[in-house]
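The briefing below takes up the surroundings of one residue and then turns to the chain as a whole.

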Amino acid sequence: MIEIRNLVKTYKTKKQTVVGVDNVSVTIKKGEIFGIVGYSGAGKSSLIRCLNLLETPTSGEIIIDGQDFTKLTSKELRLARQKTSMIFQHFHLIKSKTVFDNLAFALKAAHVPKAKIKPRVVELLEMVGLSDKADSYPAQLSGGQKQRVGIARALANNPSVLLCDEATSALDPNTTKSILKLLKKINEELGLTIVLITHEMEVVKEICDRMAVMQDGKIVEEGPVYDLFAEPKQPLTKQFIETILQFELPQHLVESRRGKLIKIQFKGSIAEESVVSEVFQRYKVRGNILHGKIEYIQDVPLGIFIMELIGSADEIEAAIRYITAKTQSLEVLEDVA
Ligand SMILES: Nc1ncnc2c1ncn2[C@@H]1O[C@H](COP(=O)(O)OP(=O)(O)OP(=O)(O)O)[C@@H](O)[C@H]1O
């Protein structure tokens, strides 16, 4: 478990003091994948870099598995850092060393006995699917393969926490997916806690259990990813969710509508029920689905549809009451009746 309490990180420049992290308190549970999103300058890097003391916090506490990282001696800190390893957007591999030697280097640095290094490297390469690249140099690898080496190196000394600093931001969408899949596998198989920072909601949607949204050094909202997708409360969270769930109707559809435009959100198992077809059977209304999308967030469906309901005012009202009761989420967008 990671407990961040009243964390403050400020930077003193010649002219001014800049606040990177502004009194953040958050608890990250053991074994979960926790995503931190925010625009550039929100303080994400400052926060994650404080977690393994790459940045020294100005004040506050960082307690990982019961140990306050801010109170360690430099020797204790070296050992503690092995518990919280990190992967980076630009991989940070040693260019002059082969993949094998990059991994062996991390083990040597942690004083792993020589005899144990080779079998561990072989094991790590297998874990990340790069057994055939042991003798390649970083320049001979694709971005995704380089990040796999980065992940193997981060896992070398059996950390309990993996920190990911925009780990997929330099990768194309397909490679991003494969790296996220690998992170999920590691999380499940090794029980590793993963903290990742990103500006991409796709990443959070794909693998995170819980998330926090940062702005101006503060966490403005946090919670389970599904809940924040289904019911974002803060304007900034809504903005991020809309990058995935927003859709606008083409103007000609809005202009040619004949009934009532409604937006329905289906959460969880209700998304798999036939609420809409039931409405057409029960009430004298006709309808068109004008737009719709079902997103699966950690395999749980979240559907959003825009429909036009056509019929008498009474029947439309009754249909709306029925859908509202079933979904708990219906918004009337436009009314021409
Ligand atoms: N070394 C530094 N010296 C001075 N100011 C800094 C330093 N590092 C970060 N900052 C400032 O702290 C604030 C938060 O920056 P930070 O890099 O943590 O944000 P971020 O959300 O990670 O943004 P990005 O995604 O662009 O990296 C910004 O105002 C930034 O200018």
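Apart from its neighbours within four places in sequence, G292 is in contact (heavy atoms within 4.5 Å) with F247, I304 and F305. The model is a predicted one, in which local features need pLDDT of at least 70 and side-chain atom pairs count only at pLDDT 80 or more, while totals for chains, interfaces and linings use all residues. Residues are numbered from 1 along each chain as its sequence is written, and side-chain values use heavy atoms, with hydrogens and water left out.

**Residue G292**
- G292 belongs to strand β12, which covers residues 285–297; strands are DSSP runs of E with at least two residues, and helices are runs of H or I with at least four, numbered from the N terminus.
- With a relative accessible area of 38%, G292 is partly exposed, a class that lies between buried (under 20%) and exposed (over 50%), using a 1.4 Å probe and protein chains only.
- Between the C-alpha atoms of G292 and L228, which are 64 residues apart along the chain, the separation is 19 Å.

**The chain as a whole**
- Twelve helices and 14 strands form the secondary structure of the chain, whose C-alpha atoms fill a box of roughly 80 × 50 × 35 Å along the principal axes.
- Of the 337 residues in the chain, 50% are buried.
- Among the contacts in the chain with a separation of 6 or more, 70% are between residues 24 or more positions apart.
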